[in-house]
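The model is predicted.

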Amino acid sequence: MRKHIYLIGICGTAMASLAGMLTQLGHEVTGSDAAAYPPMSDLLRELGITVHEPYAERNLDRRPDLVIVGNAISRGNVELERVMDERIPFTSMASVLHDEFLASRESLVVAGTHGKTTTTSMLAWIYETASRREPKFAPSFLIGGVAENFGTSFMVRPTRTFILEGDEYDTAFFDKGPKFLHYFPDAAILTHVEFDHADIYSDLEAVKTAFKRFINLVPRRGRVVAYDGSENVSECVARAFCAVERYGLREDSYWRVSDLRHDGPITRWTLWRGGERFAELALPMAGEHNALNATAAAALASGQGVAVEAIVEALASFHSVKRRLEVKAVAEGVTIIDDFAHHPTAIRETLRALRESRPEQRLIAVLEPRSNTLRRNVFEGALIDSLALADRVAIAGVFKSENIPVAERLDPTHVVDGLRNRGIPAEVYQDADAIVGALTPELRNGDVVVILSNGGFGGIYQKLPQAITKAAVAARVAVQFS
């Protein structure tokens, strides 16, 4: 039966994707958010989904049949209060996903503190490539970002396999457990386990408990592909009731990476399975971490029956995910890269990948401490270690710093002091405009600027290349008339 479904917080990556999936089922979908920005605002517009900005009680004057409450929405939100006062039926994204899309399908879930968006995208592309020869492999999927090979973050098909990113963040204000506990995987990947989401997890032990519960949902007939380079991952899979296959760089791992090398923008390696050569793999992405992500996807797909030829072809033609080492612009020889940065480890791997693929170029890191983890001082030392891989660092003020208790709040000046003590030029700036103003005169042909943020960052992605071009034009005009 066709319903009118309303999503509060519709512009979140997963919520916008769910909106599209529900539209594909034939429902009328509308929603609201405080503010919308690409790529999800573009997706919703293309789908013809009405988005109300900002939140307001009047947005619900036309009573929906069902409201889906995003996990960023808490009591006090004016729309949520009206929903509760009027007893409009409401639920969570994860519950709807399970009930409407997963219950009758094979669920393949990619979980972990880092790498899950890229790995999920790789796995979906491997299945898509395999489906050209065997249509049964055509996947449905839900990814926490826009996969460039597909141009979307979701796809719903009548076939059996559903591939999805398993988020460890909480589900809703009325369900504080992780979303991935709703997904009941038939097989799973576990990439990394580290302390993250300091706003909802008290410590590393709490994070590990969540992942142990996730692994406990995999049935005996299932399989877990787990990274071999983390004691935390080992602890989380130690009591699995299903087969566990480790992947990584260790000699004794079932899926072993060897002879890892960089050939310009291409990463190449040999993959071994159970001590026997499985394939020579090439990936048009930089970084050891991306080779490991690809290995995890290859391992899970192979175990589900996907041919090695499809895996090799898919990885060689993989085009990454938006906001993961995405080149946003090249202005006057300056390359501007966007990367979704939420944790010091992710920042470290991003900068390492750029160092490996562009060893001769000057690397400038521009950070907005925006995620709930980066806004806190718990990772201050790790953040200094990660940013020290850059040649120059610019840090903006902490996003919505007033929402973080002073005792817990990151102080960017401490990070800058730590970097300067290591000989890395670093400054704190008030906002994106101040960073653009300071960096533009310094930049020169061949520089790489990587912008590290999980939000809009004051439009810096557009403002910086525009300022570089404008300054260069002005300089050429001045020379011409001098």
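## Helices H13 and H14

Helix H13 (residues 432–439) packs on helix H14 (residues 460–480) at about 25°, and their axes are 10 Å apart. H13 and H14 are therefore roughly parallel to each other. The crossing of H13 past H14 is right-handed.

On the H13 side, the contact uses Ala432, Asp433, Ile435 and Val436. H14 supplies Ile460, Lys463, Leu464 and Ala467. By class, this H13–H14 contact holds 6 nonpolar, no polar and 2 charged residues.

## Helices H1 and H4

Helix H1 (residues 13–24) and helix H4 (residues 93–102) cross at roughly 30°, with axes that come within 11 Å. That angle makes H1 roughly parallel to H4. H1 passes H4 in a left-handed crossing.

From H1, the contact draws on Ala14, Met15, Leu18, Met21 and Leu22. From H4 come Met93, Val96, Leu97 and Phe101. The H1–H4 contact has 9 nonpolar residues, with no polar and no charged ones.

## The buried side of H12

Which residues of helix H12 (residues 412–421) are buried? They are Pro412, Val415, Val416, Gly418 and Leu419. These residues span an arc of only 160° around the axis, so they lie on the same side of H12. In an α-helix there are 3.6 residues a turn, so residues three or four places apart point the same way.

The cover over the buried residues of H12 includes helix H11 (380–387), strand E21 (392–396) and strand E22 (426–429). Just after H12, glycine 423 adopts a positive phi of about 85°.

Technical notes:
Residues numbered from 1 in each chain as written. Predicted model: local features only at pLDDT ≥ 70, side-chain atom pairs only at ≥ 80, totals over all residues. Heavy atoms only, no water. Axes fitted to C-alpha atoms, helices over the stretch in contact; angles between N-to-C directions. Helix = DSSP H or I, 4+ residues; strand = E, 2+ residues; numbered from the N terminus. Parallel < 35°, antiparallel > 145°, perpendicular 65-115°, else oblique. Left-handed = near helix turned anticlockwise from the far one by under 90°. Contact = heavy atoms within 4.5 Å. Nonpolar A, V, L, I, M, F, W, Y, C, P; charged D, E, K, R; others polar. Buried < 20%, exposed > 50% of the residue type's maximum accessible area, 1.4 Å probe, protein only. Arc of directions from axis to C-beta.
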